[in-house]
Amino acid sequence: MTSPTALRAADATAGGVPPRGLPRAALTALAPLVWGTFYVVTTELLPPGHPLFAALLRALPAGLVALAISRTLPRGRWWGKAAVLGVLNIGLLFPLLAIAAERLPGGVAATLAAAQPLVVAVLAVAVLHERLSVWRLVWGLVGVVGVGLVVIGPKAALDAVGVAAGLGSAASMALGVTLTKRWGRPAEAGATAFAGWQLTAGGLFLLPLTVLVEGAPPAIDLPAVLGYLWLGLFGGLLAFVLWFRGLTTLPVTSVAVLVLLSPLVAAVLGAVVLGQTLGPLQLVGFGLALAAIVAGQLPAPARPQR
C-alpha cells in the first residue's frame, strides 16, 4: 500500500501525476476502458428492458467476491462511510446512467456523463479545499466537447428527465470520487476490500429497487450469462479495484478525467463490432478528448511571478 508520504507527494504536483505515479495512472485507466464495453455488451448480449438487474449483477456478486477474497469488513465509522460511497459511486450512478441511456440518444447521455471532470474540479475546491484550477476547468470543457463531437449524432434529441438523470450521474460519481479522496482508505483495508465494501453497499441499495421497478428477473441464455460475467468480473470487480486503488493514491482531478475514455471506447467498439462509421468531425473530437485526458495527467503550468 502506498505510504502517506507518497500520497502527499502525489497531491503536491499541482494536480498532476508525478512521474513515479504514471504506471498507477495507466492501470487506473483500465477501469474506464473496460466500462466502455458496457454499451456493446448490453445491446448485443443481455436481455432488453432490465437495466437495473444488469446493474445489480454487476455490483453485488462482485462485492461479495471481493469481501470473500479480502476477508476484511469496515470498522467503526467506516460502515457509514462505505455505505455513502457505495451509494454514490455505484448504487445511484448505475440507475441514473440507465435512465439517461433509456430516455436520451446514447451520445447525449455519454456527453452529459463526461461532465464529471468539470464537477470534480469544482468539488475539489469545496470538499478538498484545493485552489480552483483554470487549467482543469478548461481541459475538462475540452474533453466534454471532444466526447460530444465523437458520440452525438445529427438527430440527437433532448428529454428533460433524461438530461436530469445524465447530469445526476455525473454529479453522483463526482461527489463519490471526491469524498473517496477526502476520506482516503483505512490502513487495514486493501484496494480489494475497499472496492468490495462499496460494490456490496451499492448492490444492496440496488436490490430492493430492482425488485420494485423490474419485478422478476429475465430469462437468461448463454450469451446473457457471458455478458453478466463480463460486467460482474471485469466491469465490476477488476475495474473498481483498479479504480479505487488509483483514486486513493493519485490526484483526484487526474483520475476523474480518465472517465472520458469510456465513451471513446464505446465509439470504437460501435465502429468495429456494430459497423458504425466515424467521420472527420468525430476524429477531431477523438483528438480533443485524448488531449484532455493527457493534459489531466500533467501539472498545471506555474503562474508567472510578478
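Which helix gives the most to the lining of the largest cavity, and with how many residues?

A: That would be H9, which puts 4 residues into the lining. Bear in mind that this is a predicted model, where local features need pLDDT of at least 70, side-chain atom pairs count only at pLDDT 80 or more, and totals for chains, interfaces and linings use all residues. Residues are numbered from 1 along each chain as its sequence is written, and side-chain values use heavy atoms, with hydrogens and water left out.

The chain has 15 helices and 0 strands, taken as DSSP runs (helices H or I, at least four residues; strands E, at least two) numbered from the N terminus. Of its 306 residues, 50% count as buried, meaning under 20% relative accessible area with a 1.4 Å probe, protein chains only.

Now the hole itself. A cavity is a set of points on a 1 Å grid, over the protein atoms alone, where a 1.4 Å probe fits but cannot get out, and lining residues have an atom within 4 Å of a point. By this rule there is 1 cavity of 30 Å³ or more. The largest cavity has a volume of about 90 Å³, that is, the space filled by probe spheres set on the points, which are joined across faces, edges and corners. Around the largest cavity sit Pro-117, Ala-121, Trp-135, Arg-136, Trp-139, Gly-140, Thr-253, Val-257 and Gly-296. Two elements give two or more residues to this lining: helix H8 (116–126) and helix H9 (134–151). By class, the lining splits into 5 nonpolar, 3 polar and 1 charged; Ala, Val, Leu, Ile, Met, Phe, Trp, Tyr, Cys and Pro count as nonpolar, Asp, Glu, Lys and Arg as charged, and the others, Gly among them, as polar.

Contact here means heavy atoms within 4.5 Å. Of the contacts in the chain with a separation of 6 or more, 89% come from residues 24 or more positions apart.

Methods. 1 Å grid on protein atoms, 1.4 Å probe; cavity = no way out; pocket = protein on both sides within 12 Å on 5 of 7 lines; lining within 4 Å.
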